[in-house]
Amino acid sequence: MARSDRLNTIAEDIYNSLARGDVPSISLPSRTRENIVLDPLSMVWKYGEAKISRNASTLDGAEYLLKTLYLIDFIKEMYENSKTSTLREMYYISEGWGHAKFHTQDESDLLAEDLEVITHVSREELNLRPEENGASIIGDLTIEERNRKGEFKRINCRDDVGDGGYNIPYSVEADKLRLVETNAKFVLAIETGGMFDRLVENGFDESFKCILLHLKGQPARSTRRLLKRLNGEFGLPVYVFTDGDPWSFRIFASVAYGAIKTAHISDYLAVPSSEFIGITASDILNYSLPSDKLSDKDIQALNAELKDPRFQTEFWKTEIETMLMSGKKAEQQALAKYGLDFVTDTYLPEKLKSIGGQ
Amino acid sequence: MTGEKLFSQNREISISEFFNKNRHILGFESPQKSLFMIVKEAVDNSLDACEEYGILPEIEVIVQKADQDEFIISVEDNGPGINRKEVANVFGKLLYGSRFHQVRQSRGQQGIGITAAVFYGQITTGKHAVVETRIPGDDLTYRFEVGIDVKTNSGIIFSETPGIKEKPHGTKVTIHARGKYQEGKQSILEYLRETAAVNPDMDLKFTNPEGKTIRFQRTIDELPKKAVAVKPHPYGTEIGDLQFVIADQRNESITQVLQNSFSRMSRKSAGEVLANANVEPEKKAESLSLQEIRRIVEAFATVKIMPPQTDCLSPLGIEYIRRGLRNVYEELKPSFYSKPVTRNPIVYKGNPIIVEVGLVYGGDLSPEEPIRIVRYANKVPLLYQQGACAITKAVSEFDWRQFGLEQRSGAGIPFGPMILLVHVCGTKIPYSSESKEAIAQVPEIVDEIKQALRISARSLRTFMRKRERRGKANEKYRLVAQILPEISAKSAKVLGLEPVDTSKTISRVANVVLVRETVEKDVEGFSVKCSVTNYTKETWSFKLHIAPASGKSSLDTFEVKDLQPAATQIFSFTVNSDTPYSETEYYVEGIDPVYVIGAEALPPDFHMREISYEVED
């Protein structure tokens with residue numbers, strides 16, 4: 001079914017309900033932590049059976065339906081005019097939607113995702129795109145990116161880029177980005193810019209034959225999609241190198257198992273074979289790293305992770321409990337305690353060895 | 001050194017030192033509070049004088065900076081003025097004016113206040129106070145320089161100058177004093193604002209040291225009910241009090257003295273008291289022993305005596321509280337003013353006490369902060385020692401949760417967008433300390449305050465429930481009148497089809513008759529437009545009774561006739577009300593109320609409703 005028809009189906013359901021004199025409604029999977037399940041085939045987490053229904057018998061529900069219709073109308077208009085819009089632009093455009101106006105951008109972002117979930121059409125296919133978030137890669141990887149003129153340009157992500165690396169575009173699908181070749185043996189995904197720069201300066205990508213990827217915090221979809229393609233098309237293992245705190249654990253979980261908000265597209269985004277080589281609670285103790293005390297919010301987050309189905313492994317349970325017990329967290333740059341080369345000469349080689357990577 | 005000289009030196013030191021050491025007792029404990037006390041004492045005196053002489057008060061307060069930490073405070077009123085011969089006593093003698101044999105509710109009571117203010121100015125700056133005063137009928141205004149002779153505890157007049165002034169009567173006091181001027185919760189400005197809230201008959205102008213003038217205008221031309229001076233009641237009398245009255249009537253029989261000096265003392269009850277005290281009724285007062293006086297005082301409690309008169313009290317009353325709150329807090333645009341509560345008097349140790357409560361809710365007040373408690377004793381705002389006060393205790397012990405406020409574990413000061421005014425008045429209010437900044441936490445008074453809070457809180461709850469219901473009616477209206485038709489139009493547009501009729505769906509989601517009003521302010525009051533729309537599948541005829549929240553409505557009842565499905569009938573009326581108009585209550589008769597949103601079932605007592613909390617004399 002064409003994407004436009006999928007959108008029309010929603011409007012038709014509503015229209016027909018009204019014509020019959022029924023109360024129109026929309027139903028979609030519940031997008032909460034309680035409703036994600038492990039798909040044993042792909043080993044990623046997806047939405048389960050629980051559905052929620054928004055119907056027009058309450059003001060909230062009716063407004064949701066109206067906003068959905070406005071969004072559909074807007075997207076169809078973009079199709080006709082071959083335009084795309086950023087999520088933020090869409091939020092501002094809703095200013096003119098009267099009763100269907102969004103109150104916050106969170107609300108409009110969520111509705112865009114809901115529409116993906118309902119229609120099985122990806123956000124990019126809905127012509128909605130996120131802001132550039134500037135995630136980048138450096139390493140011996142050759143790609144071809146289609147530019148604005150429609151021509152594919154060949155780029156080597158080590159030789160043809162500056163120290164900032166190659167900037168990952170918002171869409172990394174094959175029609176935009178072709179993966180040509182690489183000599184790398186694995187991908188190292190790094191949480192913070194400071195550590196990414198350190199590894200670049202130390203030439204880690206060359207000495208260890210790898211691709212360095214800057215996640216830039218919680219990674220954007222395109223970043224995760226690129227990791228998935230590198231893993232799938234070149235068979236490169238993905239190692240995730242983060243800070244040692246509950247938020248970093250979540251970054252790893254979304255790379256490896258899929259994020260709760262995007263569980264409907266986990267198949268496209270998650271790399272279940274990813275390995276965590278970030279700072280662990282045990283590292284903080286073993287390397288006696290400079291640390292900070294866990295804040296109340298950190299403790300809350302750790303306790304939530306203990307209930308998160310994605311963290312129900314022996315490794316994670318032990319690490320989370322150790323962190324709760326020690327009450328300490330540390331940044332990846334705390335490794336500089338032992339000098340600027342410690343991370344590349346000692347820490348990462350030891351970690352890689354321990355997971356059998358090198 | 002002679003003994004006499006030593007004595008007089010000791011005396012001089014002791015009076016100065018008494019004041020200095022006991023500044024906190026009188027309230028002059030910090031530079032900031034001292035300025036506040038001077039203004040407070042002068043304004044309290046002005047208001048008392050105006051009230052006693054039946055004058056609508058006009059007061060002007062000016063605080064000027066003279067020097068780094070020296071200020072000039074002047075308070076001018078249009079009161080009855082002060083007799084030339086009394087000036088030295090009123091402003092220069094501590095404890096002047098304290099009378100036991102006359103009791104009535106007034107702001108100042110101990111005869112210390114203004115003298116202490118003059119004294120504080122004198123010892124901190126060495127300057128005399130200036131008093132300008134004119135009594136009605138006199139052509140001249142007299143200007144005095146007044147000081148205090150610390151040796152003899154008496155006022156000294158340094159100069160007296162007659163002059164001509166426009167004002168027909170009144171007094172202006174000017175005091176130089178060291179201090180600190182600040183604005184905030186405990187400040188002159190807040191004191192004046194709170195004073196204005198309970199004295200809507202007052203016109204007040206205040207100019208602060210930066211030269212900014214704030215005015216609280218008079219909003220009521222009616223004088224408050226005057227407190228009548230009465231004799232003290234036997235309950236609560238102490239030995240010293242009885243000795244004091246005996247000293248004036250040495251040659252009378254004790255029976256006569258009791259009858260002359262106390263209220264509610266008939267010949268019969270005096271006889272019972274003396275019999276129980278085992279004192280001869282005809283015994284001359286001067287020949288009573290201390291033992292006998294003590295036995296009489298103890299015997300008072302053993303005899304049943306009529307409760308004290310209550311015309312010695314001057315509660316604010318409902319209208320004063322309503323107008324006052326509005327005058328001062330209108331700028332916060334509260335969404336609700338409760339009907340104020342004036343309780344009947346209770347008696348505490350022979351003295352009558354009345355508790356009054358008013359509250360405003362909503363508007364620009366912050367819902368995340370503790371409620372603001374505005375405390376008054378005998379119409380005087382209490383800005384200090386909130387924690388020690390009976391009012392605070394009553395508010396904290398009251399469970400506000402059931403009345404829609406946030407209060408963790410049902411104790412403590414609740415959170416919510418609310419200002420709560422509590423006034424306790426009486427001839428002899430027990431204070432927690434000499435500075436009279438907090439009412440003592442006496443169980444009888446705390447309980448009585450809680451009773452008054454309960455009545456106010458109930459009206460708040462009624463308001464909140466109504467608001468919630470109105471909110472639901474508005475939600476339903478938006479749903480059926482706006483959102484559903486738009487859903488139909490938009491889904492049709494996406495598909496390139498004609499919009500469908502939504503009336504069937506609408507009657508499924510809202511099978512009701514919706515009553516909604518819009519209110520607009522006009523010159524005379526408020527014009528209200530009310531629409532009645534039928535979203536059910538039946539045709540209805542019923543009566544709608546109109547009860548405005550305040551003021552009078554031009555229409556009592558509207559007859560809804562043959563209201564077809566999907567039809568609307570609109571009617572208009574006006575309400576003249578001078579308080580902010582919040583809502584009309586609509587009651588339906590002749591239709592099952594479950595089919596109506598925005599109006600309620602007609603209460604059985606609707607036609608005889610005239611509940612009043614007015615004070616009974």
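The views below show a predicted model.

View 1. Two elements of chain B, α13 (443-495) and α14 (503-509), each give two or more residues to the side that touches chain A. Of these, α13(B) provides the largest share, with 16 residues. Sorted by class, this side of chain B holds 11 nonpolar, 5 polar and 10 charged residues. The number of salt bridges between the two chains is 4. A salt bridge links A:Glu63 to B:Arg478, with 2.6 Å between the closest N and O atoms.

**View 2. Extent of the interface of chain B and chain A.** The size of an interface is often given as the accessible area lost when the parts come together. For chain B and chain A, the buried area is about 2300 Å², and 68% of it lies on carbon and sulfur atoms. Three residues, B:Ile487, B:Lys490 and B:Val494, supply 26% of the area that chain B buries against chain A, more than any other three residues. In terms of contacts, 28 residues of chain A meet 26 residues of chain B.

**View 3. Strand β8 of chain A and its two partner strands.** An antiparallel pairing of 5 bridges connects β8(A) with strand β11(A), residues 177-182. Within this pairing, A:Ile143 has A:Leu179 of β11(A) as its bridge partner. Strand β9(A), residues 152-156, also pairs with β8(A) in the antiparallel sense, over 5 bridges. Here A:Arg154 of β9(A) stands opposite A:Glu144. A hairpin is formed by β8(A) and β9(A), with 5 residues between the strands. In the turn, A:Gly150 has a positive phi of about 90 degrees.

View 4. A:Ser108 belongs to helix α4 of chain A, which covers residues 105-119. This serine counts as buried because its relative accessibility is 0%, whereas the cut-off for burial is under 20%. Apart from neighbours within four places in sequence, A:Ser108 is in contact with A:Leu87, A:Met90, A:Tyr91 and A:Phe102.

Key:
Residues numbered from 1 in each chain as written. Chains lettered and ligands numbered in written order. Predicted model: local features only at pLDDT ≥ 70, side-chain atom pairs only at ≥ 80, totals over all residues. Heavy atoms only, no water. Pairing = 2+ DSSP bridges. Helix = DSSP H or I, 4+ residues; strand = E, 2+ residues; numbered from the N terminus. Contact = heavy atoms within 4.5 Å. Buried area = accessible area lost by both parts, 1.4 Å probe. Salt bridge = Lys/Arg side-chain N within 4 Å of Asp/Glu carboxyl O. Nonpolar A, V, L, I, M, F, W, Y, C, P; charged D, E, K, R; others polar. Buried < 20%, exposed > 50% of the residue type's maximum accessible area, 1.4 Å probe, protein only.
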